[in-house]
Amino acid sequence: MSLASQISALATRIGTEIKLMVRKANNLSDLADRQTALNNLTDVANATNEHVLTKDTATGKAIFKVSAGGGGNTLSISVISANTTAVKNTLYVLTTSLVLTLPASPSATDMVYLSNLSGATTATVARNGNKIMGLAEDLTIDKLNAGIQLIYVNSTYGWVMI
């Protein structure tokens, strides 16, 4: 191989290595940008309970926003053995015959879950002024080990079992 060919091959190899170094440097910059973006997404200082991460359609950026219901709801669990007034988005595990009173001022999509593990068929769900399944009546749980999900729809139907 001639000296000119060797110099040409060396220049090509050096050029390729320089291109690789530039590409790596660019990737480091992209990595820093990605880390900044990740930090921004995980900065939840402005988020509170019932906030969800979503895309702002005006800016295209990720933001925390108050949940409109549905998948944004968080479920709490409460094992109870005495009469209780329910709180939305809570699963109540009944361990004795009792009265579970539904929330007085529910909003559409509020949910209450219950599981009757009391061994009795006399648990009552008190409607607290709102309808249950469109009826102005309390609900008697007459099945052992029954599990029920109630979702508030509106004043016409009230709490609906699903």
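Helices (H or I, at least four residues) and strands (E, at least two) are taken here as DSSP runs, numbered from the N terminus. On that basis the secondary structure of the chain comes to one helix and 11 strands, which follow the pattern α-β-β-β-β-β-β-β-β-β-β-β along the sequence. The model is a predicted one, in which local features need pLDDT of at least 70 and side-chain atom pairs count only at pLDDT 80 or more, while totals for chains, interfaces and linings use all residues. Residues are numbered from 1 along each chain as its sequence is written, and side-chain values use heavy atoms, with hydrogens and water left out.

**Whole chain**

- Of the 162 residues, 24% count as buried, where buried means under 20% relative accessible area, exposed over 50%, and partly exposed in between (1.4 Å probe, protein chains only).
- The accessible surface comes to about 10600 Å², of which 56% belongs to carbon and sulfur atoms; such areas come from the Shrake-Rupley method with a 1.4 Å probe, and for residues only the protein chains shown count as cover.
- Among the contacts (heavy atoms within 4.5 Å) with a separation of 6 or more, 37% are between residues 24 or more positions apart.

- Leucine 114 touches, among others, Leu91, Tyr92, Leu94, Leu100, Val125 and Ile141, when residues up to four places away in sequence are not counted.

**Salt bridge**

- One salt bridge is found in a search of the whole structure, the term meaning a side-chain nitrogen of Lys or Arg within 4 Å of a carboxyl oxygen of Asp or Glu.
- Lysine 88 and aspartate 110 form this pair, with their closest N and O atoms 3.9 Å apart.
- The pair links distant parts of the chain, 22 residues apart, with lysine 88 in the loop between E4 (84–85) and E5 (90–94) and aspartate 110 in the loop between E6 (99–101) and E7 (111–116).
- Lysine 88 is partly exposed at 32% relative accessible area, whereas aspartate 110 is buried at 9%.

**Surface patch**

- Leu75, Ile77 and Val79 make a nonpolar surface patch of about 310 Å²; patches consist of residues with over 30% relative accessible area and no salt bridge, with like charges joined within 9 Å and nonpolar side chains (Val, Leu, Ile, Met, Phe, Trp, Tyr) within 5 Å.
- Leucine 75 lies in the loop between E2 (62–66) and E3 (76–80) and counts as partly exposed, at 45% relative accessibility.
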